[in-house]
Amino acid sequence: MSELEDDSSTSPSRRRFFQSLSLIPVAAALGSCGEHSGGRTAATAAEKPYEPAFFTPDEWAFVVAACDRLIPADEVGPGAVDLGVPEFLDRHMQTPYASGAIWYMQGPFLEAAPEFGYQGRLPLREILRVGIAEMDTHCRKAFDGKAFVQLAGAEQESLLEAAQAGSLQFEAISSKLFFAYLLGEVRNGYFADPAYGGNKGMGSWKMIGYPGARADYMDWVTVRDKPYPLPPVDLAGKRG
Amino acid sequence: MTTVKPKVDVVIVGMGWTGAIMAKQMTDAGLTVVALERGADRDTQPDFAYPKVADELEGSVHRKFLQSLSQETVTIRHNPADVAVPYRQMGSFKPGTGVGGAGTHWSGCHFRALPEDLKLRSTVEKRYGRRFVPDGMTIADFPVTYEELEPHFDHFEYVCGTSGKAGVINGVIQEGGNPFEGSRNRDYALPPNPNYLGAEQFYTGARNMGWHPYPIPASNASRPYVNPYGCQMGPCNFCGFCSDYGCINYSKASPNICIIPVLRQRKGFELRANAHVQKINLDAAGKRATGVTYLDAQGREIEQPADLVLLCAFSLYNVHLMLLSGIGTAYDPNTGLGTVGRNYSYQNLNRVTLFFDKSVQANAFIGNGGAGTTMDDLNGNQLDAAKSGFVGGGIIWARQPGAGPVRGISVPRGTPNWGTKWKQAITDSFRHSFYFEVQGACMSYRQNYLSLDPTYRDGFGRPLLRMTFDWNENEIKASQFLVSKAQEMSRTLNPLSMVGDAKKSGSHYDVTQYQSTHTCGGAIMGADPTSSALNRYLQSWDVSNVFAIGANAFPQNNGYNPTGMVGALAYWSAKAIRENYLKNPGPLA
């Protein structure tokens, strides 16, 4: 759990940096690479957006736009960008998990029916990286040199739907596979504990009524006539 | 260079349920025991401590409590003509690793086998005629009876603090239990856990159908408890991090809390973690094991000589070690000859989810892995196979091991996977839906088997185990029959909507979807050394000082979770070793 402990020492400042992101236009956020003042005295520092360490600026722009399409802010609840899901993805891509630590990664890499799962040689982080590049290549060809992020929201949605259906012809990776892992990661970031960078303020848990890490319901197993009353709590002990 | 350790009486490979049981029984008999566990040592503190466990990303995405597949996995194909490919990401089944093994991340459902299921082939042939068993179906009677196992079922339940309600005690039917179960000597160790909404609704639905609902026997303690070994358990608080997670509360029975605390204090017992057994060593004639060779944490090769070798790894890896070590003859589906690898079977699982409006407080985040409600009206002798058209029954149950959003939220049919409509659907569903599952038996077949893969290797250079498995028409029919019954029952509860499908005709085994970790067979027990790898005491027919304890011994799988049966078989085998083998080492049958 050392990863988690590390996160808890840095995440308060990261969280503050990120809070500003939803208040400024996406394009501006993408371009900013402000100095990270860091440390525990950052409370007084100007709020600056999270700086991606894994994704390149172009990839980051795609991630932010895709997050906004897949889980938009709406009347139901907060959006993925509001909750810091791009930050989650950037941080999660730097974990051993995203490098294939728990996957069998040896060849030969044979084609097989979908019932056998992903059989390629890319770990998660490369699936996303290669897929993002393919999506932008596709967009530039199909849309007069424009990247995904330069397209209108409705066009972006159509492209994501096409990727989901596997009907986009990518060269290096199946668009369906790329989409499935992208969506999985966006959902993970939206719902995982705030310690990992997404789900800021337990926003998604509040939306669906999940009590988070509370993990003690002995007194509520047989209650039928009223909704569970307590708000969520996270791993750091914060209450939502 | 291999380091040779001093010889011990018994070496145990793997420290999950069976390893812990055998270590306890062997040290009780005064033997010196070394247990070799491939994974790390683990205990409630610090490994399963709150709040760290209440972390879905670690538990359900990073799979912190399960085996990593990076060094060891299996390859899978649907039939012997195909080329197998690796099980690269965890999906259909979830082996464990580390001290406690899968016994730390299981759910807790703790069944005994039905008497008739232990005599499956003869029961079916007697009732429906020999020709009723389809060609290629290789089901067999277990070479042990319910009556012989009863004291061992009982003991394991008391070790685990199993919470339930007896249905038949000394032949007398008990109100509230399973009236179709084998007769037991006494009630469960503890009364059932309280019912969450879905388990309560199952009672209503099942009674609407004229069935006999009863509490799932759950090794999730309903009360404070001290087991026969003096190990303590605390009552389950329904934390909702159960299946796939270690228990924070000393509530879910595990080797770590129910047996190993005793072993750790014993002089004749040594546990070596991060000790990965590579093979069982045989004498020149191949008739006697001399011990095992393992790699320690530094990768050094160590030989551990022993008089008795007990294979207590996860079922698949027991078979793997036997094949790698040349114990018995590898099974060949073309000739039907050979014993190791045959009769691999699984579990036939499908789910039906019911959605309700916001007045219905299902609270899926409240969870207890083993507890819930089930029924046996379509299982064992209750099922008329001539009418249903398939062999082997199954159960329908309500279970709620605890849900969270990273683990996934079921949504009504037609809901998109993302966007505002999806957000609305998960928000409407999360606290207001529950599910029922059908858990069907899985028969064994000539073409479903385990062998060594010719291409893929593990992290130590050994061939991976290769699984050849697909659904047969019998299991597809069973799935359709049981799911239709579950849907019929569900409709009597008037949900807003339901999702859930049976297996479609011609559909194939999908390794990407979790179904169950009930991988059975491959080194089965039997009465005939030409069609089984183990005799009725789980002793290798070929190398008599090797025993392979686990679900690998099942000739086919029934409609229940295997752990209760696995524990009982371990105690049964241990009794034979203590009472007979030690006096006169050699074949027991």
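What share of the contacts in chain B with a separation of 6 or more comes from residues 24 or more positions apart? The share is 75%. This is a predicted model.

## Overall form of chain B

Chain B holds 14 helices and 22 strands. Its C-alpha atoms fill a box of roughly 70 × 55 × 50 Å along the principal axes.

Of the 589 residues in chain B, 62% are buried.

## The nonpolar core

In soluble globular proteins, nonpolar side chains tend to be buried together. The largest nonpolar core here has 244 residues. Within that core, B:I12, B:V13, B:L310 and B:L311 touch the most other members. Helix 14 of chain B, residues 563-581, gives the core its largest share, 10 residues.

Take B:V13 as an example. Beyond its neighbours within four places in sequence, B:V13 contacts B:L36, B:V277, B:V292, B:L310, B:L311, B:C312, B:A313 and B:L321.

## Where chain B meets chain A

On the chain B side, 56 residues are in contact with 48 residues of chain A. Four elements of chain B each supply at least two residues to this side: helix 3 (56-61), strand 5 (85-86), helix 12 (420-429) and strand 19 (449-457). Helix 12 of chain B gives the most, with 5 residues.

By type, the chain B residues that touch chain A comprise 28 nonpolar, 20 polar and 8 charged.

Key
Residues numbered from 1 in each chain as written. Chains lettered and ligands numbered in written order. Predicted model: local features only at pLDDT ≥ 70, side-chain atom pairs only at ≥ 80, totals over all residues. Contact = placed C-beta atoms within 7 Å. Nonpolar A, V, L, I, M, F, W, Y, C, P; charged D, E, K, R; others polar. Buried ≥ 20, exposed ≤ 12 C-beta atoms within 10 Å, placed from the backbone. Core = buried A, V, L, I, M, F, W, Y, C linked by C-beta atoms within 7 Å.
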